[in-house]
Amino acid sequence: MNEKKISFTINGTKLNRTVEVHRTLVEFIRDGLGLTGTKEGCDEGECGACTVLFDGKPIHSCCTLAVEIDGHEIVTIEGLSRMGTKAMTCLDPIQQAFVDVGAVQCGFCTPGMILSAKALLDENKNPTDAEMRTAIEGNICRCTGYDRIVEAIKLAAERMK
Ligand code: FES
Ligand code: FES
């Protein structure tokens with residue numbers, strides 16, 4: 001089996017692992033690291049459910065090989081809570097805003113949606129509605145109609161000022 005040793009940072013923790021060279025990043029995150037907040041939907045780069053931050057930029061982890069994160073920094077939805085725990089005892093302001101405005105229904109799109117929003121707000125503290133919608137255009141939500149998601153990003157931006 002063709003494997004490679006990689007070193008990377010995930011949610012603030014440096015790790016070394018050996019991965020199969022054909023393993024996708026979403027498989028590695030979910031099955032190899034047990035971080036199941038990252039969802040696997042279409043597996044074709046269309047839905048955004050698998051979005052994670054790669055050096056601060058949102059990427060589709062279903063279209064990325066695990067070996068590509070060698071030397072890089074990854075953030076998953078688990079990394080956003082300040083405690084960095086699965087218990088989510090202290091939510092990131094974007095996570096809290098999604099809860100507060102009811103932008104979560106089935107929740108399948110939510111981790112990817114929040115990470116796309118985080119990438120936007122890290123670069124632009126005062127985005128317009130159009131910029132918010134552009135930032136999440138790679139993330140499909142089948143439940144909310146998007147208005148509450150935009151409302152949540154707006155609320156998070158206000159709270160983070
Ligand atoms: S699962 Fe990756 S974009 Fe849909
Ligand atoms: S809340 Fe169900 S897909 Fe977005």
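The model is predicted, with local features needing pLDDT of at least 70, side-chain atom pairs counting only at pLDDT 80 or more, and totals for chains, interfaces and linings using all residues. Residues are numbered from 1 along each chain as its sequence is written, and side-chain values use heavy atoms, without hydrogens and water.

I counted aromatic pairs next and got 1. Phe-8 and Phe-28 form an edge-to-face pair, at 5.7 Å centre to centre and 75° between the planes. This pair links distant parts of the chain, 20 residues apart: Phe-8 sits in strand 1 (residues 3-10) and Phe-28 in helix 1. For the pairing rule I took ring centres within 6.5 Å, with planes under 30 degrees apart as stacked, over 60 as edge-to-face and the rest as tilted. Helices are DSSP runs of H or I with at least four residues, strands runs of E with at least two.

I then checked backbone angles. Asn-11 is not a glycine, yet has a positive phi of about 50°. I found Asn-11 in the loop between strand 1 and strand 2 (13-20). Asn-11 is partly exposed, because its relative accessible area is 24%.

Tyr-146 also has a positive phi, of about 75°, and is not a glycine. I placed Tyr-146 in the loop between helix 4 (129-135) and helix 5 (147-159). Tyr-146 is at 25% relative accessibility, so I logged this residue as partly exposed.

Last, I looked at Asp-31. Asp-31 belongs to helix 1 (residues 25-32). I logged Asp-31 as exposed because its relative accessibility is 65%.

How values were computed: Chains lettered and ligands numbered in written order. Buried < 20%, exposed > 50% of the residue type's maximum accessible area, 1.4 Å probe, protein only. Phe/Tyr/Trp six-rings, centres within 6.5 Å; stacked < 30°, edge-to-face > 60°.
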